[in-house]
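Trainee: I am new to this structure and would like to work through it by question and answer. May we begin once it is displayed?

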Amino acid sequence: MQPPPRQAGGPPIWCGGRQDVALRRIGRTTDGWMSYVITPDMFRQGLEKIAAAAAKADRVFDRSFGTAHLLFTCVDDTYEKALDAATVSLSQRYGMDFRKAAERYCALGPPQRVAESIVRFHEAGVRHVVLDFVGPYEQRDRQIERFAEEALPLLAGLRKLQA
């Protein structure tokens with residue numbers, strides 16, 4: 001293939017999945033895991049399963065293994081308003097009632113609460129977070145701005161930990 005990869009061995013290959021069979025495959029064959037629609041505890045347990053599969057395959061499982069999580073997010077003045085907006089958006093996207101899943105898996109509410117959700121994922125082993133801002137599309141720019149202005153500064157300590 002031309003041009004050749006810029007790094008020896010090619011680019012890192014990450015996979016997703018949350019079922020045991022997928023986690024074992026990730027541990028045996030990939031360089032990273034990107035999850036979604038799970039809790040921090042489920043992420044931690046998933047990493048343990050990936051590490052066990054890597055060990056069984058005689059692969060090194062260390063800090064070089066990439067970890068990421070796609071986190072549905074809605075910043076609003078109250079948790080209830082954010083939950084309502086996320087429910088409408090995600091129910092439409094997935095063609096099912098997403099309210100219970102939004103309650104369990106999303107970062108919702110005021111900036112402090114959203115930042116706390118991200119911190120819980122970081123504590124579970126996530127090093128990269130991809131935020132998918134849900135709610136009315138026409139409010140997406142404002143969501144991003146509000147996150148940047150009000151929630152991101154609350155995460156400054158995390159960013160220093162990774163440096």
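Trainee: Why is strand β3 largely enclosed by the rest of the structure?

Mentor: This is a predicted model, in which local features need pLDDT of at least 70, side-chain atom pairs count only at pLDDT 80 or more, and totals for chains, interfaces and linings use all residues. Residues are numbered from 1 along each chain as its sequence is written, and side-chain values use heavy atoms, with hydrogens and water left out. Buried means under 20% relative accessible area with a 1.4 Å probe, protein chains only, and strands are DSSP runs of E, at least two residues, numbered from the N terminus. Strand β3 spans residues 66–75 and is largely enclosed because the number of its residues that are buried is ten of the ten.

Trainee: Which residues of β3 point the other way from G66, A68, L70, F72 and C74?

Mentor: In a regular strand the side chains alternate between the two faces of the sheet. In β3, G66, A68, L70, F72 and C74 point one way, and the buried residues pointing the other way are T67, H69, L71, T73 and V75.

Trainee: Which residue in β5 is the bridge partner of L70?

Mentor: Two strands pair if DSSP finds at least two bridges between them. Strand β5 (residues 128–133) runs parallel to β3, joined to it by six bridges. Within β5, the partner of L70 is V130.

Trainee: Which residue in β3 is the bridge partner of S35?

Mentor: Strand β2, residues 32–36, pairs with β3 in the parallel sense over five bridges. The β3 partner of S35 is H69.

Technical notes. Buried means under 20% relative accessible area, exposed over 50%, partly exposed in between (1.4 Å probe, protein chains only). Helices (H or I, at least four residues) and strands (E, at least two) are DSSP runs, numbered from the N terminus.
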